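Dear colleague,

I am passing on to you the structure we spoke of, with the sequence alongside. Please have a look at it first; my notes on what was found follow below.

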Amino acid sequence: LRTTLDAVRVGFLTFVGVALGSKLGGLHISTANIAITCLMAALIGLGFGALALALSAGTGRMSVAVYGAIGAGIFFHLLNALAALNHKLAQLARWSPFHYYLGNDPLNNGMDWGHAAVLFAICVVLLGESLGLFQRRAIRQRD
């Protein structure tokens, strides 16, 4: 719960900072699109946080959770970036959460509800898996 609140807080503060900067700088960026982009950023952050939780629950090791989530983030970010440069990788980009975060260019085009649903589903699935892994781990340790 604390991590979720932290993600919401970071998303909100990012929104405030970017919206204020846009107004002060005369950039004329849609405030709604800034909010949507920050929401998508919070969702992808929660997804990688849920991955870290699942890795931690499954292994019981903080280092596996931290380095696994960081490694996955780097891998998927590179996959998404390289897919834009190589048409052969374009199909693989759909496996990257960054494709759903930035694929529609939410800052310019607004919300893609399908992409938001995919990011939300990633969070829900990984959190559900974390709960199951944690319960199995707790049962094993009682024996």
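Just past the end of helix 1, Gly26 adopts a positive phi of about 65°. This is a predicted model, so please read that angle, and everything below, as computed from predicted coordinates. In the loop between helix 1 and helix 2 there is also His28, whose phi is near 55°, a positive value in a residue other than glycine. Most residues other than glycine have a negative phi. His28 counts as exposed because its relative accessibility is 75%, and exposed here means over 50%. A further positive phi in a residue other than glycine, near 55°, is found at Asp105, which sits in the loop between helix 4 and helix 5 (106-109). Asp105, with a relative accessibility of 33%, therefore counts as partly exposed.

Helix 1 itself covers residues 2-25, and since 24 residues at 1.5 Å a residue should span 34 Å, the distance of 34 Å between its end C-alpha atoms agrees with that expectation. Its buried residues are Ala7, Gly11, Phe15, Ala19 and Ser22, and these pack against helix 2 (31-59).

As for Phe48, leaving aside residues up to four places away in sequence, it touches Ala69, Ala72, Gly73, Phe76, Pro97 and Phe98.

Finally, there is the matter of open space. The largest pocket has a volume of about 250 Å³; of the 12 residues that line it, Thr3, Thr4, Leu46, Ala50 and Leu127 are the closest to its centre. Helix 1, helix 2 and helix 6 are the elements that give two or more residues to the lining of this pocket, and the largest share, 5 residues, comes from helix 2. Which classes of residue make up the lining of the largest pocket? By class, 9 of the lining residues are nonpolar and 3 are polar, while none is charged.

With best wishes

Notes: Residues are numbered from 1 along each chain as its sequence is written. This is a predicted model: local features need pLDDT of at least 70, side-chain atom pairs count only at pLDDT 80 or more; totals for chains, interfaces and linings use all residues. Side-chain values use heavy atoms; hydrogens and water are left out. Helices (H or I, at least four residues) and strands (E, at least two) are DSSP runs, numbered from the N terminus. The expected span of a helix is 1.5 Å times one less than its number of residues. Buried means under 20% relative accessible area, exposed over 50%, partly exposed in between (1.4 Å probe, protein chains only). Contact means heavy atoms within 4.5 Å. On a 1 Å grid over the protein atoms alone, a cavity is a set of points where a 1.4 Å probe fits but cannot get out, and a pocket is an open set with protein on both sides within 12 Å along at least five of seven lines; lining residues have an atom within 4 Å of a point. Grid points are joined across faces, edges and corners, and a volume is the space filled by probe spheres set on the points. Ala, Val, Leu, Ile, Met, Phe, Trp, Tyr, Cys and Pro count as nonpolar, Asp, Glu, Lys and Arg as charged, and the others, Gly among them, as polar.
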